[in-house]
Amino acid sequence: MEKKIYIYKSIGITFVLIGVPIGMYLNFFTNTTFGSSLTMFLSIIFLIYKEKIHFKIKKEFISLFLFQIIMLIYWSISKSESASIQYLTFHLYILALIFSLSNSNNVNFNQVIKCTFFISILLTIIGVIVCGKGLVTGDIAWNLRNENENYALEPFTVSSGALIGYYSGLCIDKRGIINKILTTVILLADIYIIWTCGKRTPLVLLILCTLIYIKKSTSLSHQNILFLSIKIIIFASIIFIVLIQNSDIQEELQRYSTHLYNGILNILGDKSVSDLTGSAIARAQFRTMAIEYIQNQFEFGNYILGNGYMERWNQIDNPILQAYLDMGVIGAIGYIGFVIILPIKKLFYKVNTIQLFFIFCCLYNVFSSISSGNPYTYQKYHIICLLIFSFITINKYKKHIYITNQL
């Protein structure tokens with residue numbers, strides 16, 4: 001029975017991690033709109049399955065719990081139509097997730113990564129098919145979106161599912177030749193999906209996290225350094241040969257590099273160039289408008305308490321700035337502390353592969369804090385909950401082993 005409970009917990013955490021991509025594909029293939037809500041609900045059910053429920057919150061979650069309560073208070077007094085019921089469900093979901101994790105005791109994190117990897121294989125297969133058919137980006141996808149306002153396939157969600165799958169493939173136990181071959185194939189397929197979706201941040205994170213994983217997981221013996229260097233040289237040589245032999249790939253790489261470079265310049269404030277979609281320069285313009293609004297319209301109390309939950313704009317694609325604009329000092333400190341500082345701080349700890357996996361999953365929100373979304377969506381905090389929970393559980397296990405060895 002205990003093994004069965006472990007499986008339910010693993011599925012619950014997997015649904016937290018990739019529930020949105022699963023829900024998106026459910027919506028696409030069934031022509032519905034409740035896929036993500038279903039996976040969010042099921043994640044909580046699986047996490048509390050067979051647990052003795054106590055009305056408690058682990059002390060490590062208290063500050064995040066209180067921050068969600070503060071955002072709920074701001075939501076409740078907001079007069080903006082943008083502060084919809086959907087955002088209420090986001091905050092309630094994080095509170096439910098904190099409560100569920102505080103009452104979850106039977107978790108095997110090695111199995112969590114396996115479960116995430118093997119379920120994400122299905123997402124990878126579907127992702128390769130829909131990307132290959134032009135249903136995510138390109139003219140076909142553009143026409144389909146114009147014909148159907150509820151068109152489910154969205155490049156960011158497709159690439160985010162592939163990115164989580166890639167992380168799980170990096171961190172899974174790859175002992176055995178079959179496991180190594182399978183993992184390599186899936187990782188390459190995830191790279192293809194992320195490249196095809198054309199999103200800058202996932203591609204940058206894919207490269208960065210691969211380098212961090214190699215650094216963290218490779219012991220610095222002379223033999224390992226030599227073996228790793230040979231691998232890198234062989235891989236770089238293959239890439240170089242492919243590039244010089246294929247003009248189409250060269251052109252695509254040049255296009256993508258320009259898109260990334262111009263986008264970074266736009267976000268930093270340079271409006272003399274533009275990325276391919278114009279999204280980065282639009283974000284820079286929103287940022288300028290928000291800063292001017294703060295400078296010209298804020299009174300003393302606004303600098304401390306903010307202007308109110310989405311009272312001015314529902315999204316300026318700069319969560320840090322919007323957290324301050326809407327909720328003042330508390331909002332900015334809360335967002336920066338949980339979404340940015342916490343995972344970066346953990347990254348410099350001596351961590352195992354499991355903890356590293358959850359840190360990787362948090363890094364998208366770190367990198368997109370001045371370029372994507374708003375500070376209220378549950379995707380900003382659900383991975384933070386899992387990161388905190390992984391450290392609680394693994395540290396508790398280490399303490400138990402230490403005490404046992406002292407007896």
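Which residue just after H8 takes a positive phi? In this predicted model, that residue is Gly 198, with a phi of about 75 degrees.

H8 covers residues 177-197, which is 21 residues. At 1.5 Å a residue, H8 should span 30 Å, and the C-alpha atoms at its ends are 31 Å apart, so the two values agree.

The burial pattern along H8 comes next. Its buried residues are Thr 183, Ile 186, Leu 187, Ala 189, Asp 190, Ile 193, Ile 194 and Cys 197. Because they cover an arc of only 165 degrees around the axis, these residues lie on the same side of H8. Ile 177 and Leu 188 are on the other side of the helix, and they are exposed.

Asp 317 sits between helix H13 (300-305) and helix H14 (319-347). The relative accessible area of Asp 317 is 18%, and buried means under 20%, so Asp 317 counts as buried. With neighbours within four places in sequence left aside, the contacts of Asp 317 are Arg 283, Ile 370, Ser 371, Ser 372 and Gly 373. For Gly 373, one of these residues, the backbone nitrogen lies 2.9 Å from a polar atom of the Asp 317 side chain. That distance of 2.9 Å falls within the 3.5 Å cut-off for a polar contact.

Key
Residues numbered from 1 in each chain as written. Predicted model: local features only at pLDDT ≥ 70, side-chain atom pairs only at ≥ 80, totals over all residues. Heavy atoms only, no water. Helix = DSSP H or I, 4+ residues; strand = E, 2+ residues; numbered from the N terminus. Expected span 1.5 Å × (residues − 1). Buried < 20%, exposed > 50% of the residue type's maximum accessible area, 1.4 Å probe, protein only. Arc of directions from axis to C-beta. Polar contact = N/O pair within 3.5 Å; in protein donor to acceptor, adjacent residues only side chain to side chain. Contact = heavy atoms within 4.5 Å.
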